[in-house]
Amino acid sequence: RDFGTIRSQLEGETLAREGQALLDRLEALPVPVVAAIHGSCLGCGLETALACDYRILTDDPKSVVGLPEVMLGLIPGGGGTQRLPRQIGLVAALDLILTGRTLKPRRALKAAVVDEVVPPPVLLQAARDAVRGLATGTLKPRARGISLREKLLRPIIFRKAQESVQAKGGKHYPAPLKAIEVVRAGTATSMAEGLKIEAKAFGELAVSDVSRALVSVFFATQEIKKDAGYPEGTTAREVTKVAVLGAGLMGAGVAGAGADGGARVRLRDTSDEALGRALRHARELL
């Protein structure tokens, strides 16, 4: 809900810079830091974990990682556009940032977003063991980084990403295109400069009409999920008669299913041919 309270581009940029500064302090700690993750680790949650030296995720079905900000018309503003590519490579990072999709434990491990996957009961012990291993040098993080091949193919990688976004209606959704621009510019310079580029872009998008609209859609969707569509305690009525308007593929299916369930069905359409196909479907079904 805080996204909706940002009143200016500068305010959004400042908010991102403050978050980045906090995570920079975490990353700069002189002792090993391990993120022990159980459950949903999205957006700033993953950005916080990426600022740690090592990440361990439980194999619980509800454990997922991802950067879904693009779904709200935004880009990651806490270093996600810079740390993730430097952790797992350009192609894999762009895929996650531009789609907003999440990764379950085994996929996250394969992509090198996390370093270990363990059962929930041993998570804290595994984290303690990892801290000791990092401190003694017997354990190394699984950072894949930006490979030499990706460095050589940078122009092609970013061009392909841009073409893919534009083919999916990119002009209506500025966040994915802005994310490509930020990852491209940021990974071509230092981490510090990359974070400045990210914060500026986050500020621009935070006050855009598209972002405000997508945030509203998000909350409306959450409310719909909570609403069953009928008062609590309502009992189902017995249906003995069904009327179906339109004898297309769906109408024919509904009519056939109704008849199969023992209801008396009346099917209506403006086309005799459509009615004939629907009756044939019902005969095949029954």
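1. Contact, as the word is used in this note, means heavy atoms within 4.5 Å of each other. The structure is a predicted model, in which local features need pLDDT of at least 70 and side-chain atom pairs count only at pLDDT 80 or more, while totals for chains, interfaces and linings use all residues. Residues are numbered from 1 along each chain as its sequence is written, and side-chain values use heavy atoms, with hydrogens and water left out.

2. Ser211 is part of helix 11, residues 209-226; helices (H or I, at least four residues) and strands (E, at least two) are DSSP runs numbered from the N terminus. With a relative accessibility of 2%, Ser211 is classed as buried, where buried stands for under 20% relative accessible area, exposed for over 50%, and partly exposed for the range in between (1.4 Å probe, protein chains only). If residues up to four places away in sequence are not counted, Ser211 touches Leu72, Gly73, Leu74, Leu205 and Ala206.

3. Helix 1 covers residues 9-27, and its 19 residues should span 27 Å at 1.5 Å a residue, which agrees with the 27 Å between its end C-alpha atoms; the expected span is taken as 1.5 Å times one less than the number of residues. Its buried residues are Gly12, Ala16, Gln20 and Leu23. Viewed down the axis of helix 1, these buried residues fall within an arc of 65 degrees, so they line one face of the helix, the arc being that of the directions from the helix axis to the C-beta atoms. An α-helix has 3.6 residues a turn, so residues three or four places apart point the same way. The buried residues of helix 1 pack against helix 2 (44-50), helix 3 (80-88) and helix 10 (191-206), whereas the face turned away from the buried side carries the exposed residues Leu10, Glu18, Leu22 and Arg25.

4. Which residues touch the most other members of the largest nonpolar core? Among its 48 residues they are Leu46, Val65, Leu84 and Val113, a nonpolar core being a set of buried Ala, Val, Leu, Ile, Met, Phe, Trp, Tyr and Cys residues joined through side-chain atoms within 4.5 Å. Two or more residues each are given to this core by strand 1 (34-37), helix 2, helix 3, helix 4 (90-99), helix 8 (154-167), helix 9 (174-186) and helix 10, and helix 4 provides the largest share, six residues. Apart from this core lies another, of nine residues, which include Val34, Val118, Ala127 and Ala130.

5. In helix 4, the buried residues are Leu90, Ala93, Leu94, Leu96, Ile97 and Leu98. These buried residues pack against helix 3, strand 5 (102-103), helix 7 (148-152), helix 8 and helix 9. Just after helix 4 comes Gly100, with a positive phi of about 75 degrees.

6. Three strands form an open sheet in the order 1-3-6, with parallel pairing; two strands pair if DSSP finds at least two bridges between them. Strand 1 and strand 6 (116-118) are the edge strands, each pairing on one side only. On average, neighbouring strands of this sheet are turned by 20 degrees against each other, direction ignored. Helix 6, residues 123-136, lies across strand 1, strand 3 and strand 6 and runs at about 165 degrees to strand 1, where axes are lines fitted to C-alpha atoms, for helices over the stretch in contact, and angles run from 0 to 180 degrees between N-to-C directions.

7. Strand 3, residues 54-58, pairs with strand 6 in the parallel sense over three bridges, and Val118 in strand 6 is the bridge partner of Thr58. Is Thr58 buried or exposed? Thr58 has a relative accessible area of 0% and is buried. Beyond its neighbours within four places in sequence, Thr58 is in contact with Ile37, His38, Gly39, Ser63, Pro105, Val117, Val118, Pro120 and Leu123.

8. Strand 7, residues 241-245, has a covered face with Val242 and Val244 and an uncovered one with Lys241, Ala243 and Leu245. Strand 7 runs parallel to strand 8 (residues 264-268), and five bridges join them; Val265 in strand 8 is the bridge partner of Val242.

9. Ala259, in helix 12 (residues 249-260), is partly exposed, with a relative accessible area of 33%. Leaving aside neighbours within four places in sequence, Ala259 is in contact with Val265 and Leu286. Ala259 and Ala206 are 53 residues apart in sequence, and their C-alpha atoms are 53 Å apart in space.
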